[in-house]
Structure formats: C-alpha cells, structure tokens
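Please read the numbered points with the sequence and the model side by side.

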Amino acid sequence: MAKEKTLQDMFHDSLKDIYYAERKILKALPKMAKGAQAADLKAAFEKHRDETEQQVERLQDVFEILGKRAQGKNCPAIDGIIEEGEEILDEYKGTPALDAGLLAAAQAVEHYEITRYGTLKRWAELLGMKDAVKLLDATLTEESKTDEALTGLADSLVNEKALGKAA
C-alpha cells in the first residue's frame, strides 16, 4: 500500500517546483534585459536577476531545513510563461509594443512566484518551520516589491511608449 501523502510532502513538492522555476527565471532574465528597449526596464530585469540569485540560495536553505537535497521538479507553468516571453521577444522585436509585452510577461512570472511563495510560507507556518517562514517571507516581500516596481514602469513609461510608432 502506498504511503499517505502529507502537507509536508506537498510542501517539499512545491519547494522543488519553485526551485526549478527560479533557476529557469535566472536563465531567462538576461535575455529579457538584452531585448528590452527602455533603459529602466533593462535595469529592472538586471536587478531582479541579482535578487533571484539570492532567492535560489534561500530556497537551498529551506531544503536544508527540511533535511532534503535541493533539487527542482519540472514546472510546466513557468515553462509556459517563459515561452510566452520568448515569443514576445521574437514577434515584437523593434516595435514600440515590445517593452509592454516583456513587462507583462515579467509580471506573469512575478504573480506565479507570489502565489507559490505565499502558499509555501503559510504551509511552513502550519508545519512549525519558523526559519523557513522567515526565508520564504523575505522572498515573498521581494517578489511583491518587484511586481509593484514593474507596475510603476508600465504606468509611467512603457505602456505610453507602446502606443507610439515602430522604432
């Protein structure tokens, strides 16, 4: 008879999912930064890449708290979101709408991460993993701030430029 799955099992599976996602995001951010036309958007992608490196390290610490090896688990959701961003890079290159599309793809990534980290933090609280809660909360806070910064860029610069003529 199969072992009954617990919340701790679900926590570990979700942790593997976001670990995979963060590592995929690390690979995608330089491409997005290179493709972005607005200097502020390039800078935002580069800043988030640095933050993502720290987030991967925090996840490795959470795996350590669990007594498990840090490893990813294929995440079709993030693969799809990143694939959409790559399509935008190809299909809108040189157009005024490129940055708006890249920013929208980046926010889709942020919203996915915010959802995952919020859930993992809550589960860590229920499982009594105080050190993991602190690590996950630090990342959740960063992801929320990144989302707010991207919204600010969209509202103050990127969306208006997307209305303009091709570069």
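1. Some terms come before the details. A residue is called buried when its relative accessible area is under 20%, exposed when it is over 50%, and partly exposed in between, with a 1.4 Å probe and protein chains only. G118 is partly exposed, because its relative accessible area is 28%. This residue is found in helix α4.

2. On the basis of the model: this is a predicted model, in which local features need pLDDT of at least 70 and side-chain atom pairs count only at pLDDT 80 or more, while totals for chains, interfaces and linings use all residues. Residues are numbered from 1 along each chain as its sequence is written, and side-chain values use heavy atoms, with hydrogens and water left out.

3. On the fold: the chain holds five helices and zero strands, where helices (H or I, at least four residues) and strands (E, at least two) are DSSP runs numbered from the N terminus. The order of elements from the N terminus is α-α-α-α-α. The C-alpha trace spans about 60 × 30 × 20 Å along its principal axes.

4. A contact means heavy atoms within 4.5 Å. Among the contacts with a separation of 6 or more, 81% join residues 24 or more positions apart.

5. On the largest pocket: a pocket is an open set of points on a 1 Å grid over the protein atoms alone, where a 1.4 Å probe fits, with protein on both sides within 12 Å along at least five of seven lines; lining residues have an atom within 4 Å of a point. The largest pocket has about 330 Å³ of space. Its lining comprises 26 residues, of which L29, A44, F45, H48 and T146 lie nearest the centre. At least two lining residues come from each of α1 (7-35), α2 (39-66), α3 (76-91), α4 (98-126) and α5 (130-162).

6. Is T139 buried or exposed? T139, in helix α5, is buried, because its relative accessible area is 1%. Leaving aside residues up to four places away in sequence, T139 touches E22, Q55, R58 and Y117. The C-alpha atoms of T139 and E51 are separated by 8.7 Å, although the two residues are 88 residues apart along the chain.

7. Two further residues complete the picture. K27, in helix α1, is exposed, because its relative accessible area is 62%. A104, in helix α4, is partly exposed, because its value is 45%. The C-alpha atoms of A104 and E51 are separated by 19 Å.

Notes
Points joined across faces, edges and corners; volume = space filled by probe spheres on them.
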